[in-house]
Amino acid sequence: MRITIIGNGGREHALQWKLAQHGHAVAMTHASMSHDGHDAELVIIGPEAPLAEGIVDRLVQQGVRAFGPTQAAARLEASKAFAKEFMTRYGIPTARFAIFDSYAPAERHLQRADYPVVIKASGLAGGKGVVVPRDVAEAHAALHAIMRERAFGSAGDQVVIEERLEGPEVSLMAFCDGETVVPMLPAQDHKRALDGDQGPNTGGMGAFCPSPLLTPGDIDDCASRILQPAVRGMAREGAPYQGVLYAGLMLTKDGPKVLEFNCRFGDPEAQVVLPMLKTDLAEIANACIDGRLGAQTVEWHAGACACIVLASGGYPGTYRTGLPIQGLDHVPDDILIFHAGTRQDEGGWITDGGRVLGVAARGSTLRDALARAYAGVSHIHFAGMHYRRDIGARWLDT
Ligand SMILES: Nc1ncnc2c1ncn2[C@@H]1O[C@H](COP(=O)(O)OP(=O)(O)O)[C@@H](O)[C@H]1O
Ligand SMILES: [Mg+2]
């Protein structure tokens, strides 16, 4: 098929690689460009922003087949307030919460709350709109920054103040056709910049899958208690959910609870889950669009996959770009290199973003996959390059 992918980061390069493996002709389009998908037989949307803006509604109106939720369905990610109230309506386990659309009542609520809280700008904030405050003073400062200083613009017009949960985090994504839900392998991301989960939050410094924290039985349980009720609920509310539904879960002592929904593949999770998918992704996407996912086989490779993100010096703060990347030619064939922030000039590949490359490998076990991915990393170099040495390490003996 002729397929267009919207977006151009690591996730989209993983999508492109996966589709090319099955013989599809894939073009990529920058997410910010207005898209006319007329020549594509299938359009797959990578990032959340165009989904929230209604790109799927537009493409479908033009008669283009698009894999991803409509604007109404993408509210599950684009409005955390909507998602929380939705979860309440359908009994989906999540942290206790309150929603505010002005500062004074939110401020009063903070003074009364007798539990540690998390403060969230409701709208899309590029993964920066959530504050987990260390103390009461920080909580007040975060609320002020979001609602008074408008640090995230209109994304902070509404705020969710919720109960702080505890436990490890797992990303569970699923294919959805509006009715049927097929979970993918669970994955784990590493958000902090430095080893030992130290340093500032990033877009993600590495990932692996499958996560040992969810057994196949647990995945079935999450499907029936979280993913299926969500898809059924959206259909009942007149916004059937087609595409990838991502549940960010915290495994608490009272069971898995939803921290958030995303309306697309996670990044870097896509870079480890897609290499584990055996079935042609275009086949699955078409089955989702046509509402026949229930009859579609979705098969996975055995073993595990790990991905190490190579970041620019200074990321997630300020960093230089335009630095030559050495060694890509020497990386063994079984290593997958997903370009996240690169550009080509006459001399070859140069850096062009904070997260520069994802280096992924499959292996018979997580240990094996990690060893291969790190062996791949050892060939690559650019000035200031930094990456975590401990991706997956904590979970090797789980
Ligand atoms: N209720 C909560 N309790 C504890 N930690 C939370 C809670 N909600 C969010 N977090 C932490 O904040 C991170 C970001 O929150 P999330 O809701 O996933 O928003 P986003 O990904 O849009 O920034 C989560 O990955 C988790 O580590
Ligand atoms: Mg998140």
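**Close-up views of a predicted model**

View 1. Let us start with Pro-210, which sits in the loop that links strand 14 (206–209) to helix 8 (216–236). In this predicted model, the peptide bond running from Cys-209 to Pro-210 is cis, and its omega is near 0 degrees. As a reminder for anyone checking backbone torsions, most peptide bonds are trans.

View 2. Pro-268 belongs to the loop between strand 16 (255–262) and helix 9.

**View 3. Helix 1 beside helix 9.** Two packed helices are described by the angle between their axes and the distance between the axes. For helix 1 (residues 10–21) and helix 9 (residues 269–276), the packing angle is about 10 degrees and the axes are 8 Å apart. Angles under 35 degrees count as roughly parallel, so helix 1 and helix 9 are roughly parallel to each other. The crossing of helix 1 past helix 9 is right-handed. On the helix 1 side, the contact involves Gly-10, Arg-11, Ala-14, Leu-15 and Lys-18, and these meet Ala-270, Gln-271 and Leu-274 of helix 9. Sorted by class, the residues of this contact are four nonpolar, two polar and two charged.

**View 4. Helix 6 against helix 7.** In this pair, helix 6 (residues 103–112) packs on helix 7 (residues 136–148) at an angle of about 170 degrees, with 11 Å between their axes. Since angles over 145 degrees count as roughly antiparallel, helix 6 is roughly antiparallel to helix 7. Helix 6 also makes a right-handed crossing as it passes helix 7. Helix 6 contributes Tyr-103, Ala-106, Glu-107 and Leu-110 to the contact, while helix 7 brings Ala-139, His-140, Leu-143, Met-147 and Arg-148. The contact of helix 6 with helix 7 holds six nonpolar residues, one polar and two charged.

View 5. Follow the chain into the loop between helix 7 and strand 8 (159–163) and you will find Arg-150. Arg-150 is not a glycine, yet its phi is positive, at about 50 degrees. For context, most residues other than glycine have a negative phi.

**View 6. The surroundings of ligand 1.** Ligand 1 is surrounded by 13 residues, of which Ala-95, Val-118, Val-130, Leu-165 and Glu-260 are the closest. The shell is made up of six nonpolar, three polar and four charged residues. Domain 2 (96–163) and domain 3 (169–295) each supply at least three residues to the shell around ligand 1.

Conventions: Residues are numbered from 1 along each chain as its sequence is written. Chains are lettered from A and ligands numbered from 1 in the order in which they are written. This is a predicted model: local features need pLDDT of at least 70, side-chain atom pairs count only at pLDDT 80 or more; totals for chains, interfaces and linings use all residues. Axes are lines fitted to C-alpha atoms, for helices over the stretch in contact, and angles run from 0 to 180 degrees between N-to-C directions. Helices (H or I, at least four residues) and strands (E, at least two) are DSSP runs, numbered from the N terminus. Angles under 35 degrees count as roughly parallel, over 145 as roughly antiparallel, 65 to 115 as roughly perpendicular and the rest as oblique. A crossing is left-handed if the near helix is turned anticlockwise from the far one by less than a right angle, and right-handed if clockwise. Two residues are in contact if their C-beta atoms, placed from the backbone, lie within 7 Å. Ala, Val, Leu, Ile, Met, Phe, Trp, Tyr, Cys and Pro count as nonpolar, Asp, Glu, Lys and Arg as charged, and the others, Gly among them, as polar. A residue is near a molecule or strand if its C-beta atom, placed from the backbone, lies within 6 Å of it. Domain bounds come from an automatic or database domain assignment.
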